[in-house]
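Good morning, colleagues. Please have the sequence and the structure open before you as I speak.

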Amino acid sequence: MERRVVIVEGGARESSVSSSPSSSCGDVDGLGSGGSGVEGLIGVIEKAGSYGGYRKTQKKECLNLARRLRLLVPLLEEIGETRHAANFPGDALGATLDRLRQAVVAADKLLKQCHCGSKIYLVLENEAVMSRFHAVYDKLNEALDDMPYDELGVSVEVQEQVELMRMQLRRARKRRDTQDMELAMDLMVVLSEKDGRNVDNAILQRLANKLELWTLCDLKAETAAIGKLVKRFGKDAQNIRQITGLFGKFKRIAGYEEPSAPDCSFSPRTLEKLPSFSVPHEFLCPIALEIMTDPVIVATGQTYERESIQKWLDSNQRTCPKTGQILDHLLMVPNYALRNLILQWCENNDFELPRKAVSVGSNGSSSELMKQVSCLVQDLSSSQPDARRDAILKLRALSKVNPDNRILIANAGGITPLVQLLSFPDSKIQEHAVTALLNLSLNDTNKRVIAREGAVPAIIDVLQNGTDEARENSAAALFSISMLDENKVLVGSANGIPPLVELLKNGTVRGKKDAATALFNLSLHQANKSRAIKAGVIPPLLDWLEDKNLGMIDEALSILLLLASHPRGRSEMGQLSFIKTLVEIIKNGTPKNKECATSVLLVMGLHNSSFVLASLQYGVYEHLVEITRNGTNRAQRKANSLLQHMSKCEHIP
């Protein structure tokens, strides 16, 4: 045992704790069996507080729980001293300590999962994880209800400390953290398979950065964590297929590859061991037929070694060597994903890249690209229409390719002239300008710069009056810019919501989807909910629920779920026909449809039990029971909550 000081309100006290608690990710099922007394319980608390490095989505909750658990140590110290100093009857106390130990062990398991569990699983199942936190809070409070402080001679100071902790647990139990709703929007976009743009690498990169799944070390740890989930749930479970599919996208954009495994096993080793030492064909330059060290992408989308394609172009060639197509421009963009794959393969196979080629390096190529971008930005203000059009097309293409180019264009001053071109009388110039700004806005710093340059009103104008593609990309740009909370307010106050609702009603299919995504994101801000309702967003969303061919039921229900928290929103939705539609979706929809519809009905029913009564008249009860057995994890929780609420409504039989 080692001595340490525990800081409590009113002073410090010295306590004994177990030394060297393990922080590994091994099994914890037997934590409580090693020491059934006070010392064993203190050991569990110390172990629970030893993990650190929690996943970002639950980090705040984990740190608070670990801190609150440590506040129990002074109480346990005094109980231990009392039991040793006097022959205190231990039956009642033993039962209380056993309940407390069960609660602490549950907390330890939860903190461990948030320390080394799958990051993707934790964000997809965030609501279920939060329910586990709430269950732990309840267990801790229940265990402390019967603690005989006076009989044990526990000091007033420690009693106050424990009661303060219990009050904090009760507050935490009631708190609703909306942080992950922003992540949920990203996930909705990425997991959708209906629109090719929804799997844009830029969106995947942003989500990978948020989840810290970018480096080889991150990916190897996630591979191991997913492997445990596969063993637990099976590879064919719906949520596992979703997790593995998304993880595959993250590996692809990070430039890492794993060989196909017929048994679908997940092992960190598969990320670094390729099946053959022969250089993969795709790593060879089509011109030199040698492994590439500085791969670049040309206008046709083909990749070459920079030095080889530059020699080709220097010989006055203006076609793509592989396809024979004429090159629209001569810009070369670094292929970072392929370079990462090549470097990984070389490391795994002990293959050394040619030193000369590596040194031909990035400094010169970066400098060259900076010069090209600077010239293109200057041409945006050119009096020559062809030069201006050529510049904006090339910047649009460059800003789409990779994150570094977006920073480079912004640093070269490209945002200001692009914003100015939003008001240019040529509709195609407007279209290219708003699309380039959409690409640039995928960088968070650029979001602020674009808004600061006064782009929002101009984007809204293009949204109202531009071409179909310009309107689609304007809606997507408003979504991207409004990922920052301050820009949600800006877009709403600039009257950007009514034209989004208009696009939702009368746009192309892609335009409707872009409008829905933007409106969902903007409606996360309370003031924008009333703006969206006033602009008439609810009727077209209700129509979407009836249009099976459109395939946007999930999107409609997700927005309606946000608006259901607003009194006017519930009033507009609260028609019997809508309740009937919800029940039909709960009965016959896809698993995701059922989950969303149940969530909407729960929110409405909690505010007005007449909605619950109407749904019962339409036969919802048996369908909810079925969901509690076979629905998604989230749908099961919502269905159980709705059934519990029904049982508490006195006027409902």
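Where does asparagine 495 lie? Asparagine 495 is in the loop between α24 (485-493) and α25 (497-506). Before I say more about that residue, please note that this is a predicted model.

The phi of asparagine 495 is near 65°, a positive value in a residue other than glycine. A further case is glutamate 212, which is not a glycine and yet has a positive phi of about 55°. Glutamate 212 also belongs to a loop, here the one between α10 (201-211) and α11 (216-233). With a relative accessible area of 38%, glutamate 212 is classed as partly exposed.

Let me now turn to the chain as a whole. The chain has 653 residues, of which 52% count as buried. Its secondary structure comprises 35 helices and five strands.

I come next to the interior. In soluble globular proteins, nonpolar side chains tend to be buried together. In this model the largest nonpolar core has 98 residues, and the members that touch the most others are Val537, Leu557 and Phe578. Which residues does phenylalanine 578 contact, once neighbours within four places in sequence are left aside? They are Leu542, Leu545, Leu560, Met573, Val600 and Met604. Another core lies apart from this one; it has 66 residues, including Ile79, Ala143, Val158 and Ile243.

Some of these names return in a helix pair, α28 (residues 538-546) and α29 (residues 553-563). The axes of these two helices are 8 Å apart, and the helices pack at an angle of about 140°. That angle makes α28 oblique to α29; to count as roughly antiparallel, an angle would have to be over 145 degrees. The two helices cross in a left-handed sense. On the α28 side the contact is formed by Ile538, Leu541, Leu542, Trp544 and Leu545. On the α29 side we find Ile553, Glu555, Ala556, Leu557, Ile559, Leu560 and Leu563. By class, the residues of this contact are 11 nonpolar, no polar and one charged.

Helix α17 (residues 385-401) and helix α20 (residues 427-440) have axes that come within 9 Å and cross at roughly 25°. How are α17 and α20 oriented, roughly parallel or roughly antiparallel? They are roughly parallel to each other, because angles under 35 degrees count as such. Here too the crossing, that of α17 past α20, is left-handed.

Glutamate 469 is placed in helix α23 (residues 468-481). Is glutamate 469 buried or partly exposed? Its relative accessibility is 31%, so glutamate 469 counts as partly exposed.

Definitions and conventions
Residues are numbered from 1 along each chain as its sequence is written. This is a predicted model: local features need pLDDT of at least 70, side-chain atom pairs count only at pLDDT 80 or more; totals for chains, interfaces and linings use all residues. Side-chain values use heavy atoms; hydrogens and water are left out. A nonpolar core is a set of buried Ala, Val, Leu, Ile, Met, Phe, Trp, Tyr and Cys residues joined through side-chain atoms within 4.5 Å. Buried means under 20% relative accessible area, exposed over 50%, partly exposed in between (1.4 Å probe, protein chains only). Contact means heavy atoms within 4.5 Å. Axes are lines fitted to C-alpha atoms, for helices over the stretch in contact, and angles run from 0 to 180 degrees between N-to-C directions. Helices (H or I, at least four residues) and strands (E, at least two) are DSSP runs, numbered from the N terminus. Angles under 35 degrees count as roughly parallel, over 145 as roughly antiparallel, 65 to 115 as roughly perpendicular and the rest as oblique. A crossing is left-handed if the near helix is turned anticlockwise from the far one by less than a right angle, and right-handed if clockwise. Ala, Val, Leu, Ile, Met, Phe, Trp, Tyr, Cys and Pro count as nonpolar, Asp, Glu, Lys and Arg as charged, and the others, Gly among them, as polar.
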